[in-house]
Amino acid sequence: MAQHIHRRHFIGRLTAASIAGMLPAPLLSAANAGAAATGNHTTGTLAALGGPPVRAAAKKWPKWPYVDERMVAEVVKTTQSGVWSRIQARENGNVVTFERQFAAMLGAKYCVGTGSGTQALAVSVAALGIGPGDEVITSPYTDFGTISAILTCRALPVLADLDADSYQLDPADVERKITPATRAIMPVHMMGLPADMDSIMAIAAKHGLKVIEDACQGVLATHRGRPLGSIGHLGCFSFQASKQIACGEGGAVIGSDAALMDACFTIHNHGTDKKGKHVTIGPKYRMNEFEAAVLLGQLPTAAERFRLRNRNADYLTEKFRGFAGLVPQKKYPGTENGSYYNYAMSYKKEHFNHASRQQFLKALAAEGIALSPYIPNGLHREAWVDHILRLDDYRKMYPAARLKAWEDATRRLPNCDRVCEEMVVLHGSGALLAGQADMDDVVNAVMKVYNNRERLQGV
Ligand SMILES: Cc1ncc(COP(=O)(O)O)c(C=O)c1O
């Protein structure tokens with residue numbers, strides 16, 4: 001079977017290559033993706049207009065979240081043990097064991113488990129001593145947890161614009177947004193692909209800033225041989241149910257600076273240090289033994305699923321190579337793989353007869369392929385911006401002129417707006433664990449919609 005697919009793939013590429021010289025640019029693009037796909041499903045009437053779909057409704061995608069017997073056994077064992085909290089369990093408990101294994105997997109010396117990725121980020125900000133009057137530069141294109149972590153420390157989230165092709169922070173705009181109050185940069189490894197870490201680390205070093213990696217989507221991915229989360233001063237992860245390693249709600253901070261990681265522990269432990277002394281201000285953000293049981297049960301096989309997601313993502317990227325209608329997320333030099341929380345692409349409507357993204361997604365869904373627009377608005381367009389401008393806390397901490405300049409800059413992030421308009425994603429945690437034939441369904445459905453682009457306005 002594997003050999004068969006290989007051969008078809010080869011023939012497809014040969015066909016595309018041999019006809020390439022004869023076709024105008026948009027059709028050449030279609031040939032590259034369409035001819036390489038299996039089957040003859042890329043023409044015919046759109047399913048949205050009454051034709052048969054590319055993918056039958058009965059064909060299922062892998063279930064998510066991932067569950068196996070080992071995970072169930074760990075949870076049952078924990079339930080029966082009656083040891084449900086990390087402070088009962090102490091040094092041999094699930095949370096501590098998970099922290100050791102997770103740190104080792106990611107090449108860090110230490111890990112602190114938390115109740116969510118948002119908590120991990122907030123602990124990191126606080127542990128670095130960042131608070132009222134300080135500024136942290138981060139992305140407008142992320143889960144609100146990223147920004148919420150900065151706000152709960154009463155620091156000012158300063159949003160830099162994106163590189164519209166990678167959906168990651170644009171380092172040039174990061175550097176433009178640095179002020180005397182800037183204390184840290186929080187790059188978000190969007191979709192689990194590395195942000196431009198070469199540039200971000202260089203900017204941080206030049207300006208004496210800390211780097212907190214939001215690797216909530218980036219578990220196990222590597223950049224120049226280093227796992228995401230281990231490149232900056234601290235790295236944060238989410239194990240929320242949709243994440244590639246998941247336990248419902250959960251998170252972790254990793255790092256290799258002992259004093260800083262001790263501070264993370266103390267802060268997440270309501271200000272109580274490892275010796276039990278109540279020494280500082282901190283919330284109670286501890287991971288519990290059940291969450292760690294679910295995580296411990298899936299760690300041994302997590303790398304297998306990571307490799308499968310990469311194989312499928314590489315396959316899609318190869319199939320779409322040269323196709324101008326859907327452009328996969330740009331990767332920076334040094335990117336070795338990705339975690340693929342989502343397989344993300346930019347929809348270029350000018351190559352689809354100017355059909356809207358909504359029309360494209362509707363036609364695709366009728367073909368049996370559900371892609372999503374993902375984040376509808378950049379976070380600079382959400383109500384929290386007005387809220388903190390009115391909030392007494394922020395008005396006391398930041399001069400009026402600074403808040404006005406912040407507001408003006410925050411409202412003007414055109415690349416992020418473009419990303420929000422063009423984004424289409426295949427959800428990585430579940431769908432990217434399917435087989436190669438399922439990936440072919442994705443490609444065939446896109447090409448069928450492309451080949452029917454003259455009729456797309458009518459769906
Ligand atoms: C990039 C990013 N940052 C932060 C978070 C927050 O993590 P959590 O939902 O575990 O609090 C998420 C999760 O959705 C995320 O995707």
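Which side chain makes a polar contact with the side chain of D173? The side chain of R176 does, at 3.1 Å. A polar contact is a pair of N or O atoms within 3.5 Å; within protein, one must be able to donate a hydrogen and the other to accept it, and residues adjacent in sequence count only if both atoms are side-chain atoms.

This is a predicted model, with residues numbered from 1 along each chain as its sequence is written. Local features need pLDDT of at least 70, side-chain atom pairs count only at pLDDT 80 or more, totals for chains, interfaces and linings use all residues, and side-chain values use heavy atoms, with hydrogens and water left out.

D173 lies in helix 8, residues 171-176. Helices (H or I, at least four residues) and strands (E, at least two) are DSSP runs, numbered from the N terminus. D173 is buried, with a relative accessible area of 8%. Buried means under 20% relative accessible area, exposed over 50%, and partly exposed in between (1.4 Å probe, protein chains only). A polar atom of the D173 side chain also lies 2.7 Å from the backbone nitrogen of D161.

**The ligand**

The ligand is surrounded by 15 residues. A residue counts as near if one of its heavy atoms lies within 4 Å. The closest are G117, T118, D214, S238 and K243. Helix 6 (residues 117-127) gives the largest share of this shell, three residues. By type, the shell has three nonpolar, nine polar and three charged residues. Here Ala, Val, Leu, Ile, Met, Phe, Trp, Tyr, Cys and Pro count as nonpolar, Asp, Glu, Lys and Arg as charged, and the others, Gly among them, as polar.

| Protein atom | Ligand atom | Distance |
|---|---|---|
| G117, backbone N or O | oxygen | 2.7 Å |
| Q217, polar side-chain atom | oxygen | 2.9 Å |
| T146, side-chain N or O | nitrogen | 3.2 Å |

The protein covers 92% of the 390 Å² of accessible area that the ligand has on its own. Such areas come from the Shrake-Rupley method with a 1.4 Å probe; for residues, only the protein chains shown count as cover.

**Around helix 7**

T146 has another partner. Its side chain makes a polar contact with the side chain of T142, at 2.6 Å. T142 is found in the loop between strand 2 (135-138) and helix 7 (144-152). T142 is buried, with a relative accessible area of 5%. In helix 7, G145, T146, I147, A149, I150 and L151 are buried too. D143 caps the N-terminal end of this helix: a side-chain oxygen of D143 lies 2.8 Å from the backbone nitrogen of G145. R154 follows helix 7 and has a positive phi, near 60 degrees.

**Backbone exceptions**

Most residues other than glycine have a negative phi, and most peptide bonds are trans. Where does H270 sit? H270 is in the loop between helix 10 (258-268) and helix 11 (289-320). Its phi is positive, near 40 degrees. H270 is partly exposed, with a relative accessible area of 37%. H354 also has a positive phi, near 60 degrees. H354 lies in the loop between strand 13 (342-347) and helix 12 (357-366). H354 is exposed, at 51% relative accessible area.

W64 and P65 are joined by a cis peptide bond, with omega about 0 degrees. P65 lies in the loop between helix 2 (25-36) and helix 3 (69-81).
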